[in-house]
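Hi,

Here is the structure I promised to pass on to you. Have a look at it first, and then read on for my notes on what turned up.

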Amino acid sequence: MKKAITLLTVLLFFSNCQVDTETQNIKVKNQYSIDLPKSLASVDFLHEDASLQYQNILSEFYTIVIDEPSSDFDNLVLEDASLRETYTPDLTGYSKLLKDNLAATIKNGKFSKFEDTKINGNQAKLMTVNGTVDGIDVFYQFGFVKGKDTYYQIVNWTELKRKDDHTDAMAKIISSFKEINRTKKKVN
């Protein structure tokens, strides 16, 4: 009997460590939706500005989405001459500023080049990063998306040693992002 309980405990542990291939569609603020593995659970402490925060602590897999009005960044660049020298008021400038800020905080950062793409009709840039944060080797996969009036950062991360376990799921999360049509109907 003890062997059966031990075996069940071990199997349960390992099944919880695997990223589930079954997904759940999450809608946030009637603004966007994204497909996440069902193995991820909602939390509220990963990033104070994130509108979506999910994790699987056993497999060290984390996902957040940060959204902000594109006019906030664009106007800041247009109004600040020092920012205007380095950044443009568009998705390219936005993603470059975020990359530069991350480069200042991550040790031994190895950044991929930006990959220009479209995600469900929206202009997007993809980037990966390996580096050390708080003494832990990490792997990040970013998607920067330009919505109708909003810039979105989709950030997935894990321990570097688990990169191969999660890379495909991370890419699927980013490619599933959809901005929900928020135009108001005209009333006659």
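This is a predicted model: local features need pLDDT of at least 70, side-chain atom pairs count only at pLDDT 80 or more; totals for chains, interfaces and linings use all residues.

β5 and strand β10 (residues 150-159) pair in the antiparallel sense, over nine bridges. β5 also runs antiparallel to strand β4 (residues 52-56), and five bridges join these two. Y62 of β5 shows up in both pairings: Q55 stands opposite Y62, and Y62 stands opposite W157 in β10. The hairpin of β4 and β5 has four residues between the strands, and there E60 takes a positive phi near 55°. As for accessibility, β5 is mostly covered, with seven of its nine residues buried.

Now to the charged side chains.

D67 and K29 meet through their side chains in a salt bridge, at 3.1 Å from N to O. D67 belongs to strand β5 (residues 61-69) and K29 to the loop between β1 (23-28) and β2 (32-37), so this pair ties together parts that are 38 residues apart in sequence. Which of the two partners is buried and which is exposed? D67 counts as buried, because its relative accessibility of 16% falls under the 20% cut-off. K29, at 53% relative accessibility, counts as exposed.

The salt bridge between the side chains of K96 and D100 has an N to O distance of 3.3 Å. Both residues lie in helix α4 (residues 91-105), where they are four residues apart, about one turn of the helix. K96 is partly exposed at 32% relative accessibility, and D100 is likewise partly exposed at 28%.

In the salt bridge between D116 and K125, the side chains meet at 2.4 Å, again N to O.

If you open the model, D67 with K29 and Y62 opposite W157 are the spots I would enjoy talking through with you.

Best wishes

How values were computed. Residues are numbered from 1 along each chain as its sequence is written. Side-chain values use heavy atoms; hydrogens and water are left out. A salt bridge is a side-chain nitrogen of Lys or Arg within 4 Å of a carboxyl oxygen of Asp or Glu. Buried means under 20% relative accessible area, exposed over 50%, partly exposed in between (1.4 Å probe, protein chains only). Two strands pair if DSSP finds at least two bridges between them.
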